[in-house]
Amino acid sequence: MIDLDLNSVAIPLVWAEVFGREAPTDVEIGSGKGKFLCELAARRPDRNLLAVERSPKYHRLCCDRAARRGLENVRV
């Protein structure tokens, strides 16, 4: 599940629950089309990456790109 539904998670966020594993977590604010996000996630599978994007178009694009690459350490 790359597309994180904030209505389905507890606040404050517990990274192990969000990602299903314990790992250092980085947050990218304004992920745009997700190119940097996906490159970083592929290079750093040992880290969790949470992307924040307000644009519905770019949010969906980030999710699609990460899913196509099989990046399990990404949430948008």
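This is a short tour of a predicted model, taken element by element.

Start by colouring the chain by confidence. The mean pLDDT is 95, and 100% of the residues reach 70 or more. Confidence is lowest in helix α1, residues 15-19, where the mean is 94. It is highest in strand β3, residues 74-75, at 98.

Next, select residues 25-29 and 48-52. These are strands β1 and β2, which pair in the parallel sense over five bridges. To see one of the pairings, pick Glu28: its bridge partner in β2 is Ala51.

Between β1 and α2 runs a loop, and Ser31 sits in it. Is Ser31 buried or exposed? Its relative accessible area is 8%, and since the cut-off for buried is under 20%, Ser31 counts as buried. Show its surroundings, leaving aside neighbours within four places in sequence: Ser31 is in contact with Ala51, Val52, Glu53 and Cys62. Ala51 is also the bridge partner of Glu28.

Return to α2 and show the side chains of Leu37, Cys38 and Ala41, which are buried. Look down the helix axis: the buried residues fall within an arc of 95°, so they line one face of α2. Then select Lys35, Phe36 and Arg43, which are exposed on the other side of the helix.

Finally, display what lies against the buried face. The buried residues of α2 pack against β1, β2, β3 and helix α3, residues 56-68.

Methods
Residues are numbered from 1 along each chain as its sequence is written. This is a predicted model: local features need pLDDT of at least 70, side-chain atom pairs count only at pLDDT 80 or more; totals for chains, interfaces and linings use all residues. Side-chain values use heavy atoms; hydrogens and water are left out. pLDDT is the predictor's confidence in each residue, from 0 to 100. Helices (H or I, at least four residues) and strands (E, at least two) are DSSP runs, numbered from the N terminus. Two strands pair if DSSP finds at least two bridges between them. Buried means under 20% relative accessible area, exposed over 50%, partly exposed in between (1.4 Å probe, protein chains only). Contact means heavy atoms within 4.5 Å. The arc is that of the directions from the helix axis to the C-beta atoms.
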